[in-house]
Amino acid sequence: MHPNRRTEGAGDTPASALLSTLHSPHNQRTPVPHMALQPIFIDFETRSRVELRDAGGRTYVSDPSTEVMSLVMSADGVVYQWCPLRGEPAPDWIWTMAASGRPFVAHNAMAFDRLVWRGAGFPDPVGGWLDSMHLARRRGLPGSLGPIGK
């Protein structure tokens with residue numbers, strides 16, 4: 001059977017199928033050539049006067065009213081959090097992770113998280129970006145997080 005084809009079975013969930021795609025050595029279309037490196041998972045929470053669904057990611061991120069409320073990253077079982085709205089300066093671990101060579105993974109990374117990351121002035125991660133929404137759709141799974149988690 002093709003390694004990226006989803007099969008039904010005991011314990012097979014959309015989330016497990018997505019993770020198997022993420023770690024599959026046969027995932028040839030993934031732009032990051034070094035999948036042996038464990039990914040770093042990233043999620044931003046933001047707020048703005050602009051409606052993201054109406055404006056799109058680029059317009060939303062570039063609007064002066066858009067603010068990063070929090071950044072959460074997970075690497076090697078450790079969760080890191082930064083809350084700039086509390087006046088916290090950006091911690092050093094942000095730059096360390098960006099320089100690590102490990103890919104950053106986010107759901108809708110290319111149309112949102114990557115844009116927010118750049119808008120915040122952080123350097124592009126050396127390991128590049130993986131978008132779990134795109135990986136899910138390639139596996140024939142829903143693009144929305146809710147159904148994938150079921």
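View 1. A salt bridge here is a side-chain nitrogen of Lys or Arg within 4 Å of a carboxyl oxygen of Asp or Glu. E88 is partly exposed at 28%. The structure holds four salt bridges.

This is a predicted model, where local features need pLDDT of at least 70, side-chain atom pairs count only at pLDDT 80 or more, and totals for chains, interfaces and linings use all residues. Residues are numbered from 1 along each chain as its sequence is written, and side-chain values use heavy atoms, leaving out hydrogens and water.

**View 2. The E67–R47 salt bridge.** The side chains of E67 and R47 meet at 2.9 Å, N to O. E67 lies in strand β2 and R47 in strand β1, so the pair ties together parts 20 residues apart in sequence. Strands (E, at least two residues) and helices (H or I, at least four) are DSSP runs, numbered from the N terminus. E67 is partly exposed at 32%. R47 is partly exposed at 43%.

**View 3. The R102–D76 salt bridge.** The N to O distance is 3.0 Å for the side chains of R102 and D76. R102 sits in the loop between α4 (92-98) and β4, and D76 in the loop between β2 and β3 (78-82), 26 residues apart. R102 is buried, at 14%. D76 is exposed, at 61%.

**View 4. Surroundings of L37.** L37 is found in the loop between α1 (14-23) and β1. Its relative accessibility of 33% makes L37 partly exposed. Beyond neighbours within four places in sequence, L37 is in contact with G101, R102 and P103; contact means heavy atoms within 4.5 Å.

**View 5. Confidence along the chain.** pLDDT is the predictor's confidence in each residue, from 0 to 100. The chain averages 81, and 75% of the residues score at least 70. Residues 1-10 have a pLDDT below 50; beyond near neighbours in sequence, this stretch has 16 contacts in the model. Residues 25-34 are also below 50, with 21 such contacts. Where pLDDT is low, the predicted coordinates should not be read in detail.

Conventions:
Buried < 20%, exposed > 50% of the residue type's maximum accessible area, 1.4 Å probe, protein only.
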